[in-house]
Structures are given as structure tokens and as C-alpha cells.
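Please look at the sequence and the model as they come up on the screen.

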Amino acid sequence: QSERERPLTVTETVYGQLPSTPLVSLIVPIFGRSDFIEYQLALFANDPEFVDFELIYYIDDPRMHAVLPHYLTDLQALYRVPFKAIYGSHNVGYARANNQAARAATGEYILLLNSDVMPQAPGWIGRLVETHRSLPDCGVLGIRLLYGDDSIQHAAMTFEPFPVWAGMYGNYHPNKGVPVAVIHEGEAPRRVDAVTGACMLLHRPLWESLKCLDEGFII
């Protein structure tokens, strides 16, 4: 029986008081390690805009269920950032975890976010929404991601044949590892072939019309 067909049971716990009509729902899958949650909450706590956002952590690792509720209770008391945790009965992979969390989301926009993505400054989500609204027919809005040394981790993707895979197509990240200071592409939005799911924003009606992520791709 495939993971897509295996019955899934989820439980939800809300930590703190979430907004009733959030502008954005942030969906963050968690697997393997929980310390990134505290790093994110510490940064989100210093962002005044966060009162308008709905933060959802989807716990896709049953091994963490026994200790995580107590840990999350302590984190919410410390950082005062409200969030919802959804606990899945078994590991389902990236696509289904995000889809399951999105069913519980109520925001006008959905922001898929990896747990190891950390904002550099407050106000970043508001700027993403403003940019999305300003672009005609914007579908998925991605963001440039940097490594800790300010070199580029992600600035869009292209699809190219890989000789080591007998010509099969794979994801290529242009300028990956290049110091961001030497890239003179500016900050203007541009149309690209693809962006990473590590941080991408889309309008909820588009998400629903696409029927969420294709669960045939586990990762």
C-alpha cells in the first residue's frame, strides 16, 4: 500500500491566539529536528506584521510526538508567537504534508516555507504580498535565498539534461554559491522557469485550482 493510499490521522493543537482572518498562512513541515522551530519563532517574534499571519507547523515525524507538545508550549510562552501544530500519524513526505496543512489554513495567501529558512529582517512577508499583488497574472512568487556567507543558494531554477543521468532533466540553480554582492541583477521581479518550495507564495484561489501539490512526488 502506497503512502498516498494509507489512511492518515491528524490532530491539531493551537498554541496562543491565532488571528481570525489572517492575510497569509505560513506552512512549515517538520521532520527529523525541532530546533529550527525556535530559531524561526525568535525571529518572527520581532516582526510586528506577524499579528496578521497564521503560522502552521506540520509535524511529519511521529517520533517527535511524545516530547514536542511540551517543547512547543514552552516556546509559545517564551516568544509569544501564536501558531498551530498539526501532528500526522505517520510520515507522508513533503507534498502530502503541505497539502494536509493547507487544508487547515485560512489565509488569503499560502506561503510554503522550509524550517531552515530564516528571514534577515522584519516585514518580509508583507513585501512578498505587495510584490505579488503588483505583478499582473502572478502565479507563484519565489524569493532569493542565501547561505550564511551571503552566497546564493537559490535564485530561481532552470531544467537541463544531466549527462550523469543519461540525459535526464534535472533542476539547475544558476549562480548557486556565487557571492550575492557580485550579482548585478537587482531586486526587480522576473519571470523564471521554476522556484524552490523552500519559500514560495501563492494566492489561495490558485492553490485550490491547482488541487494542491502533486503527491506523486514524495519530495
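K84 is buried, at a relative accessible area of 9%; buried here means under 20% relative accessible area, exposed means over 50%, and partly exposed lies in between, with a 1.4 Å probe and protein chains only. What I am showing is a predicted model, in which local features need pLDDT of at least 70 and side-chain atom pairs count only at pLDDT 80 or more, while totals for chains, interfaces and linings use all residues. Residues are numbered from 1 along each chain as its sequence is written, and side-chain values use heavy atoms, with hydrogens and water left out.

Which residue meets the side chain of K84 in a salt bridge? The partner is E12, at 3.8 Å from N to O. By salt bridge I mean a side-chain nitrogen of Lys or Arg within 4 Å of a carboxyl oxygen of Asp or Glu. This pair links distant parts of the chain, since K84 sits in strand β4 (residues 83–88) and E12 in strand β1 (residues 10–15), 72 residues apart. Helices (H or I, at least four residues) and strands (E, at least two) are DSSP runs, numbered from the N terminus. E12 counts as partly exposed, at 45% relative accessibility. A network of salt bridges links E12, E54 and K84.

How many salt bridges does the structure hold? There are 6. Side chains of opposite charge can pair when their charged atoms come close. One of the salt bridges joins E108 and R133, with the closest N and O atoms 3.5 Å apart. Here too, distant parts of the chain are linked: E108 lies in the loop between α3 (94–103) and β5 (109–113), and R133 in helix α4 (residues 124–134), 25 residues away. E108 is partly exposed, at 34% relative accessible area, and R133 is exposed, at 51%.

Another salt bridge is formed by E208 and R204, whose closest N and O atoms are 3.0 Å apart. Both residues belong to helix α5 (residues 204–209), and because they are 4 residues apart, about one helical turn separates them. An α-helix has 3.6 residues a turn, so residues three or four places apart point the same way. In this pair R204 is buried, with a relative accessible area of 18%, whereas E208 is partly exposed, with 45%.

D60 lies in the loop between β3 (53–59) and α2 (68–79). D60 is buried yet has no salt bridge.

What D60 does have is a polar contact of 2.7 Å between its side chain and that of N91. A polar contact is a pair of N or O atoms within 3.5 Å; within protein, one must be able to donate a hydrogen and the other to accept it, and residues adjacent in sequence count only if both atoms are side-chain atoms. The D60 side chain also reaches the backbone nitrogen of G93, at 3.0 Å. Leaving aside neighbours within four places in sequence, the residues in contact with D60 (heavy atoms within 4.5 Å) include I30, F31, H90 and A97.

Next, the interior. A nonpolar core is a set of buried Ala, Val, Leu, Ile, Met, Phe, Trp, Tyr and Cys residues joined through side-chain atoms within 4.5 Å. The largest such core has 35 residues, of which L26, F44, L55 and Y57 touch the most other members. At least two residues of this core come from each of β2, α1 (35–44), β3, α2, β4, β5, α4 and β11 (199–203). Apart from this core lies another, of 15 residues, including I27, Y58, A97 and A102.

Finally, the backbone. D150, in the loop between β7 (145–146) and β8 (152–154), has a positive phi, near 65°, although the residue is not glycine. A166, in the loop between β9 (158–161) and β10 (169–172), likewise has a positive phi, near 55°.

Technical notes:
Lys, Arg positive; Asp, Glu negative; His and termini not counted.
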